[in-house]
Amino acid sequence: MYQAFLVKYAEIGIKGKNRYKFENALCQQMERTLKPLDGEFVVERQQGRIFVEAKGDFDEEDVIEALQHVFGISGICPVNVIEDKTWENVAKGVGDFVEQQYDKLDFTFKVESKRSDKHYPMTSPEVCVETGAYLLDRFPELRVDVHKPEVRIWVEIREKAYVYSKVIKGAGGMPLGTNGSAMLLLSGGIDSPVAGYMIAKRGVFIDAVYFHAPPYTSERAKQKVVDLAELVSKYTGPIRLHVVNFTDIQMYIYETCPHEELTILMRRYMMRIAETLAKKNDCLGLITGESIGQVASQTMQSLAATNEVCTLPVYRPLIGFDKQEIVELSEKINTYETSIQPYEDCCTIFVAKHPVTKPELKMLHRSEEKLVGKIDEMVKTALDTVEIITVGE
């Protein structure tokens, strides 16, 4: 039924002289997303709008679903294209569109128009009035309601004329790659995939690191994280997942340090390793799924203790969310069912019975002094043996 899709954006429109850079990035992401689909698609920029034109047969639902995973798109409008934009052809084209779209032609409507071609002989208000009059004459049961219409019909006059009547909500945000890259600490839980999604939505490319602890964590736990990365990559594009063998480090901390400090000490070493990988991959920050007070390692004091070992900024997009809000977001991006599979990661396996909730830095420093030397070699070995799995290619 449709020949093309008009793609709307929001924030990109206020970028001034740099707007073309964001538009180009958005077009590139759209082309990448549409490439695996059946059919041939041409993505074209036109004065504050982006059009996707289909060449040959295609599946409309597949195209819409793909575009809904592209950050930077605020709305997707399936459009009919009127090649000859003389007024008679435009009016007839709008009438044919309405007849194709709606079985019962007894609704209230309003016509809205945007005229980018300033040489067109009719102004936008004139297009609205004349189109409305034509529709009322052709379909007598229709009624105009300019305040609360049941159907809005948009007519855009550009190099060609375009007509559409529905705007499908997009993912919003900024196009990927317009704000650098960051390293996500990805576990098998609910929170971290959502955190990665939220930072990617702001135009950030995502790499990820997962801390694996065989034999205490199974290969199925590792596969669960790979599956989560695959789901997140539908929005973020390809993700390089760095799998770090953390067993020796965990066991050495467990055997050497007070157990109530176990969680926070492990977390500090995870952050050190993640930051090393981030710098190696030219990432500009770390991303975690932490939320204030959710668990012992996420109190204000614990977060401050974690931050102390980092020189890169740590982005925590879920910091003020409660659990239900995070769950709802995970359901939205389709990671929830995978996250709740009963395969535990290293953080849940080595939880102390009574973890410290208000760690003191001087006590943590004292404990870490016992680890110096041997643990440095373990960290080096862990970094030298990182397994990299690329998902979403």
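Modeller: The side chains of Lys-8 and Tyr-164 are joined by a polar contact of 3.2 Å. Please keep in mind that this is a predicted model.

Biologist: Where is the place of Lys-8?

Modeller: Lys-8 belongs to strand 1, which covers residues 4–8.

Biologist: How far from Lys-8 is the nearest side chain of opposite charge?

Modeller: A salt bridge requires a side-chain nitrogen of Lys or Arg within 4 Å of a carboxyl oxygen of Asp or Glu. For Lys-8, the nearest side chain of opposite charge is that of Glu-156, 5.2 Å away. Lys-8 therefore has no salt bridge under that cut-off, although the residue is buried.

Biologist: With which residue does Glu-156 form a salt bridge?

Modeller: Glu-156 forms one with Arg-158, and their closest N and O atoms are 3.0 Å apart. Glu-156 has a relative accessible area of 2% and is buried. Arg-158 is buried as well, with a relative accessible area of 2%.

Biologist: How many salt bridges does the count come to by this rule?

Modeller: The count comes to 24 salt bridges. One of them joins the side chains of Glu-23 and Arg-19, at 3.5 Å from N to O. Glu-23 and Arg-19 are separated by about one helical turn, because they stand four residues apart in helix 1 (residues 19–34).

Biologist: Which residue forms a salt bridge with Lys-85?

Modeller: The partner of Lys-85 is Asp-117, and the closest N and O atoms are 2.5 Å apart. Lys-85 lies in the loop between strand 4 (75–82) and helix 3 (87–101), and Asp-117 in the loop between strand 5 (108–115) and helix 4 (124–138), so the pair ties together parts that are 32 residues apart in sequence. Both Lys-85 and Asp-117 are buried.

Biologist: Which residues are linked in a network of salt bridges?

Modeller: Such a network links Lys-92, Asp-96, Glu-99 and Arg-138.

Biologist: Let us turn to strands. Why is strand 10 described as largely enclosed by the rest of the structure?

Modeller: One examines the burial of its residues. Strand 10 covers residues 181–185, and five of the five are buried, so the strand is largely enclosed by the rest of the structure. Ser-181, Met-183 and Leu-185 point one way from strand 10, while Ala-182 and Leu-184 point the other way.

Biologist: In which sense do strand 10 and strand 11 pair?

Modeller: Strand 10 and strand 11 (residues 205–212) pair in the parallel sense, over five bridges. Strand 10 also pairs in the parallel sense with strand 13 (residues 286–287), over two bridges.

Biologist: Which unit do strand 10, helix 5 and strand 11 make?

Modeller: Together with helix 5 (residues 191–200), strand 10 and strand 11 make a right-handed β-α-β unit.

Conventions:
Residues numbered from 1 in each chain as written. Predicted model: local features only at pLDDT ≥ 70, side-chain atom pairs only at ≥ 80, totals over all residues. Heavy atoms only, no water. Buried < 20%, exposed > 50% of the residue type's maximum accessible area, 1.4 Å probe, protein only. Pairing = 2+ DSSP bridges. Right-handed = clockwise from strand over helix to strand, strands pointing away. Lys, Arg positive; Asp, Glu negative; His and termini not counted. Polar contact = N/O pair within 3.5 Å; in protein donor to acceptor, adjacent residues only side chain to side chain.
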